[in-house]
Amino acid sequence: MNHQPFETWLLEDKILAPAEKRELDAHLQICKICSALAETKLALFAARTVSPAPGFALRFRQRLVALKTAEQRRRLFGILLFIASGVGIIGIFLVPIFTSVLASPTGWLFDMASLLAFVVAALQTFRLFLSTAFQIVPAKYWAAILLAFVSVGALWFASVWHLFRRPQGVFA
Ligand SMILES: [Zn+2]
């Protein structure tokens with residue numbers, strides 16, 4: 001059954017011409033859906049407007065401030081967790097090196113020197129790897145590789161962020 005234009009007339013509070021009104025009444029006689037709509041509309045208009053309890057505006061404002069504060073706190077906590085998890089991941093790689101350095105304080109200088117040598121060697125290897133990679137991998141793939149790294153980073157950020165952003169509503 002076609003409910004137009006009756007549905008629109010009912011929803012839009014259109015002032016109907018006599019011919020239109022007759023048409024609508026005829027449709028309401030045979031259409032359960034539109035007559036339910038018309039009844040709902042009547043019920044809504046008939047409903048008494050309840051005036052809010054005294055101090056409503058003040059309570060509403062206070063609740064809004066509390067919600068905003070909670071939101072800010074959650075956001076701050078999310079940022080802290082984001083940083084902490086980043087530091088944690090770096091720490092997983094660095095702690096074994098530091099503990100081995102601190103385990104023998106007498107050999108600390110030697111360890112530092114070998115660590116420095118290791119870092120320099122690692123950097124040189126990395127540079128060699130990069131220059132070789134640039135020669136082997138065609139330039140058009142670098143965008144895709146970079147995009148993959150950025151995506152993983154963004155995914156990590158988004159998943160941590162999402163934890164602390166639950167949907168919010170203002171309660172009556
Ligand atoms: Zn209808």
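Biologist: In which segment does Pro 5 lie?
Modeller: This is a predicted model, in which local features need pLDDT of at least 70 and side-chain atom pairs count only at pLDDT 80 or more, while totals for chains, interfaces and linings use all residues. Residues are numbered from 1 along each chain as its sequence is written, and side-chain values use heavy atoms, with hydrogens and water left out. Helices (DSSP runs of H or I, at least four residues) and strands (DSSP runs of E, at least two) are numbered from the N terminus. The peptide bond that leads from Gln 4 to Pro 5 is cis, with omega near 5 degrees, and Pro 5 itself is found in the segment before α1.

Biologist: Is His 3 buried or exposed?
Modeller: His 3 also has its place in the segment before α1, and, leaving aside neighbours within four places in sequence, His 3 is in contact (heavy atoms within 4.5 Å) with His 27, Cys 31, Ile 33 and Cys 34. A residue is called buried under 20% relative accessible area, exposed over 50% and partly exposed in between, using a 1.4 Å probe and protein chains only. Because the relative accessible area of His 3 is 17%, His 3 counts as buried.

Biologist: What is the relative accessibility of Trp 9?
Modeller: Trp 9 sits in helix α1, which covers residues 6–12. Not counting residues up to four places away in sequence, Trp 9 touches Lys 14, Leu 16, Glu 20, Glu 23, Leu 24 and Lys 41. Trp 9 counts as buried, because its relative accessibility is 10%.

Biologist: How many Å separate the C-alpha atoms of Lys 41 and Trp 142?
Modeller: Lys 41 belongs to helix α3, residues 32–46, and is partly exposed at 23% relative accessibility. Beyond its neighbours within four places in sequence, Lys 41 has contacts with Trp 9, Leu 10 and Asp 13. Trp 142 is 101 residues away from Lys 41 along the chain, and their C-alpha atoms are separated by 61 Å.

Biologist: How far apart do the C-alpha centres of domain 1 and domain 2 lie?
Modeller: The domain bounds come from an automatic or database domain assignment, which gives domain 1 as 6–46 and domain 2 as 56–163. The distance between the C-alpha centres of these two domains is 62 Å.

Biologist: What is the radius of gyration of the protein chain?
Modeller: The secondary structure consists of six helices and zero strands, in the pattern α-α-α-α-α-α along the sequence. The globule rule, 2.2 Å times the number of residues to the power 0.38, is compared with a radius of gyration taken over C-alpha atoms. For 172 residues the rule gives 16 Å, and the protein chain is more spread out than a compact globule because its radius of gyration is well over that, at 34 Å.

Biologist: What percentage of the 172 residues in the protein chain do buried residues make up?
Modeller: The C-alpha trace spans about 100 × 55 × 20 Å along its principal axes. By the Shrake-Rupley method with a 1.4 Å probe, where only the protein chains shown count as cover for residues, the protein chain exposes about 14,200 Å², with carbon and sulfur atoms supplying 74% of it. Among the 172 residues, the buried share is 13%.
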